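Student: Could we go through this structure together, beginning with the ligand and then moving on to a pocket?

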Amino acid sequence: MKKIIVCLCLLGVPFLSAVAQTEANYDESKVPAFILPPLLVNEEGKRVTSAQEWERDCRPEILSLLADQEYGVMPAGEFETRYEVMATNAKALGGKATSKQVKITFKKGYLERPVVILMYLPNQVKGKAPVFMGYNFGGNQTIHPDPEIVPTSERERGAAQSRWPLDKILAAGYGVITVDCNQVFPDNPEGLPKSVMRLFGIQEEADLQPNTGQAMSAWAWGLSRMLDYLQTDPQVDATKVIAIGHSRLGKAALWAGAQDTRFAAVVSNESGCGGAALSKRAFGETIDIITTKFPYWFCKNFKAYGNNEETLPFDQHELLALIAPRPLYVASAEEDRWADPRGEFLSAKYASEVYRLYGYKGITTEEMPQVNTPVGQRVTYHIRTGKHDITTYDWEQYLRFAVANLK
Ligand code: GTR
């Protein structure tokens, strides 16, 4: 085990996390004293001092720890993949974009799992465009009223339009790639048998080992499979694919970016517990709450850390550090205390230590920034006013960040 060195937040009641905590704590003075596993010391206790050493001695250990104890492992297995362009329109959205809908079918024996990728690429960019890629919650047709979008659910066209300011994104020279997360793993307790896990022989609860992945791992896996497709698309710059996600889908984007270094950058919008926020703070949503309410998101091993955060041999700053040296944006919202904005800030700040090894500046400020005031460089953080959501303000920051960091 790692020797513990970072000691933080020795405020208030020190041993609260030992107490059963099914109710969310919103009182900063009741955040338990906690100790974070150090980022630059490996399990044998060896301290690393260079990026090369970190990649050799620390990164693989953290990756397998998080896979084994939190997100779960995707089982190995062969399957076929087929791509089929269903529709294209070179003059979509009043001529601003080229839209494309591509069906990816994963096939194993008689079993098929189709997933439809919806793409809008900026016509002003000649050649390959950089893109933001992320899941939508409730159907491809929810991101815009465009009547050409093939619906993937019953939900109303354009219902989530405010979360996808396409005009702004396209005007900045970026494309948008999205998939309905429910096509990869339906986001409900009965989702497993209908999910891509079937391709790996997992069809029911009893097939799950304590470290088998469920929705979060499957969603991350799906983002990588979409990236496989993007690498074959002549209109996309596959070296500039930014994984983005809001909330639960932000957790999935982080886990995808942590594992798959082909993602050029990652944006976590209010990903909270099991995402960017430090678990050991047990502020807002906790491991106990999330694994009780969403037992199908993480692997079963994760549940054991509920109300038991002091035994966690890792924390979420290590997930963020796995993105290094690639650009990382972590964002919170002031009224989204459930996601623990301070825990998200601290996690991004601590992860910056690994960016420093690569010669990059992350977050150097000690204190939480003012609202609507992004801080940091290669790792950037903001807390915006308002509620749990992804807004035009958030996207404006991500676009500026992408332009500055993905040269
Ligand atoms: C909540 C969940 C959070 C967050 C959120 C969302 O119910 O507790 O972890 O993921 O949903 O995805 O909007």
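**Ligand and pocket**

Tutor: In the ligand site, a polar side-chain atom of E285 sits 2.5 Å from an oxygen atom of the ligand, a polar contact being a pair of N or O atoms within 3.5 Å. This is a predicted model, in which local features need pLDDT of at least 70, side-chain atom pairs count only at pLDDT 80 or more, and totals for chains, interfaces and linings use all residues. Residues are numbered from 1 along each chain as its sequence is written, and side-chain values use heavy atoms, with hydrogens and water left out.

Student: And how far is the polar side-chain atom of K251 from an oxygen atom of the ligand?

Tutor: For K251 that distance is 2.8 Å, while an N or O atom in the side chain of R248 lies 2.5 Å from a ligand oxygen.

Student: Which residues are around the ligand?

Tutor: They are F137, S247, R248, K251, E285, I290, K293, F294, W297, W338 and H388, where near means having a heavy atom within 4 Å.

Student: Switching topic, which residues lie nearest the centre of the second largest pocket?

Tutor: Those are E205, Q214, P295, Y296 and K300, out of 14 lining residues; on a 1 Å grid over the protein atoms alone, a pocket is an open set of points where a 1.4 Å probe fits, with protein on both sides within 12 Å along at least five of seven lines, and lining residues have an atom within 4 Å of a point.

Student: Where does that pocket lie?

Tutor: The second largest pocket lies between domain 1 (5-71 + 264-405) and domain 2 (80-236), because both give residues to its lining; the domain bounds come from an automatic or database domain assignment.

Note on methods. Polar contact = N/O pair within 3.5 Å; in protein donor to acceptor, adjacent residues only side chain to side chain.
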